[in-house]
Protein chains: 2
Amino acid sequence: MNERYFDDLKRGDRFKSEPLRVTEKELIEFAHRFDPQMFHLSRRRAERSIFKGLIASGWHTAAMSMRLFVQTLNFAEGAIGLGVDELRWPNAVRPGDVLMVETAILKIRLSKSRPGQGIIRFRNVTVNQRGEVVQTMLASVMVPKRAARAIG
Amino acid sequence: MNERYFDDLKRGDRFKSEPLRVTEKELIEFAHRFDPQMFHLSRRRAERSIFKGLIASGWHTAAMSMRLFVQTLNFAEGAIGLGVDELRWPNAVRPGDVLMVETAILKIRLSKSRPGQGIIRFRNVTVNQRGEVVQTMLASVMVPKRAARAIG
């Protein structure tokens with residue numbers, strides 16, 4: 001797939017990522033490293049929690065969603081995160097779930113402070129194999145214009 | 001340290017986490033898995049980016065901050081993430097940086113829909129060894145009351 005620059009996007013563009021399967025091993029490994037809470041760590045203890053079973057850390061879901069977004073948009077020189085708003089996890093992610101990210105470009109504009117860079121505002125919705133929404137977020141990234149290439 | 005329940009917190013409480021050192025190996029490993037962009041992946045390519053060197057994925061910073069928060073607050077039955085707002089990364093995290101999370105409890109209330117649970121609104125600020133802010137966020141979590149223990 002072609003690499004993208006700011007110039008290649010417009011308001012209203014929509015993208016769908018490839019699917020990504022979540023394994024129990026990865027879910028527990030992420031939790032051990034970054035979110036050591038019992039409903040992310042231990043199947044036995046998670047079964048006694050309000051989730052009635054192991055669920056992924058929201059930060060793991062966010063990280064997997066980032067991977068799918070990066071792969072899908074495939075920015076030639078990367079996208080620099082300016083901030084995230086309204087990050088929500090309306091349904092739990094469980095071992096074996098298959099995630100996919102749907103991206104909608106909400107707004108694009110040139111950067112005022114950095115010539116040759118553009119700002120992209122988008123919404124990412126992460127869904128599972130049943131179409132249930134497991135994460136939503138609004139975010140802004142800075143992405144170079146094609147003409148800026150020689151500067152980089 | 002004692003495990004905490006909703007009952008143990010009040011508005012205005014402040015906490016400081018232990019320090020956590022970010023290694024180049026972990027930074028690159030996280031990027032390979034979740035945020036494969038050149039300024040997170042390769043020292044050589046990152047040196048030619050606007051960051052002039054390797055920086056951590058914002059999602060890695062968020063995940064490390066979660067670990068420090070979880071360890072510090074030490075909720076007896078975990079804290080369930082209800083959502084995050086205004087997640088920002090005002091300064092880059094680089095290999096060798098030492099991160100610390102400062103938590104301020106902004107608001108607490110009982111859950112309307114789930115008896116025995118409370119909702120905590122807090123701000124986490126992640127700083128590096130020079131006191132520079134590398135991440136800020138507002139978030140809400142649901143935490144059980146001590147009396148709800150028998151239900152769990």
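**Exercise 1. The buried side of helix 1, chain B**

Task: in this predicted model, find which residues of helix 1 (residues 24–34) of chain B are buried, and work out why they lie on the same side of the helix.

Solution. 
1. Apply the cut-off: buried means under 20% relative accessible area.
2. In helix 1 of chain B, B:Leu27, B:Ile28, B:Phe30, B:Ala31 and B:Phe34 are buried.
3. These residues cover an arc of only 160 degrees around the axis, which puts them on the same side of helix 1 of chain B.
4. Recall the geometry: an α-helix has 3.6 residues a turn, so residues three or four places apart point the same way.
5. Now turn to the face directed away from the buried side. It carries the exposed residues B:Lys25 and B:His32.
6. Last, list the packing partners of the buried residues. From chain A come helix 1 (24–34) and helix 4 (58–73). From chain B come helix 2 (38–41) and helix 4 (58–73).

**Exercise 2. The nonpolar core**

Task: state how many residues the largest nonpolar core has, and which of them have the most contacts inside it. Then list what A:Trp59 touches.

Solution. 
1. The largest nonpolar core has 88 residues.
2. Those with the most contacts inside this core are A:Trp59, A:Leu87 and A:Ile120, along with B:Trp59, B:Leu87 and B:Ile120.
3. Take A:Trp59, leaving out residues up to four places away in sequence. In chain A, A:Trp59 touches A:Phe30, A:Asp35, A:Leu87 and A:Trp89.
4. In chain B, A:Trp59 touches B:Trp59, B:Ala62, B:Met66, B:Val84, B:Leu87 and B:Met137.
5. For context, nonpolar side chains tend to be buried together in soluble globular proteins.

**Exercise 3. Salt bridges**

Task: give the number of salt bridges over all chains. Then place the pairs B:Glu29 with A:Arg33, A:Arg88 with B:Asp85, and B:Asp13 with B:Lys10.

Solution. 
1. Over all chains, the structure holds 16 salt bridges.
2. B:Glu29 and A:Arg33 meet at 2.7 Å, N to O. B:Glu29 lies in helix 1 of chain B and A:Arg33 in helix 1 of chain A, so this pair joins two chains.
3. B:Glu29 is partly exposed at 27%, and A:Arg33 is partly exposed at 34%.
4. A:Arg88 and B:Asp85 form a salt bridge, their closest N and O atoms 3.0 Å apart. Each chain supplies its strand 3 (residues 80–88), so this pair too joins two chains.
5. A:Arg88 is partly exposed at 28%, whereas B:Asp85 is buried at 14%.
6. B:Asp13 pairs with B:Lys10 at 2.9 Å. B:Asp13 is buried at 14%; B:Lys10 is exposed at 53%.
7. Finally, a network of salt bridges links A:Lys25, A:Glu29 and B:Arg33.

Technical notes:
Residues are numbered from 1 along each chain as its sequence is written. Chains are lettered from A and ligands numbered from 1 in the order in which they are written. This is a predicted model: local features need pLDDT of at least 70, side-chain atom pairs count only at pLDDT 80 or more; totals for chains, interfaces and linings use all residues. Side-chain values use heavy atoms; hydrogens and water are left out. Buried means under 20% relative accessible area, exposed over 50%, partly exposed in between (1.4 Å probe, protein chains only). Helices (H or I, at least four residues) and strands (E, at least two) are DSSP runs, numbered from the N terminus. The arc is that of the directions from the helix axis to the C-beta atoms. Contact means heavy atoms within 4.5 Å. A nonpolar core is a set of buried Ala, Val, Leu, Ile, Met, Phe, Trp, Tyr and Cys residues joined through side-chain atoms within 4.5 Å. A salt bridge is a side-chain nitrogen of Lys or Arg within 4 Å of a carboxyl oxygen of Asp or Glu.
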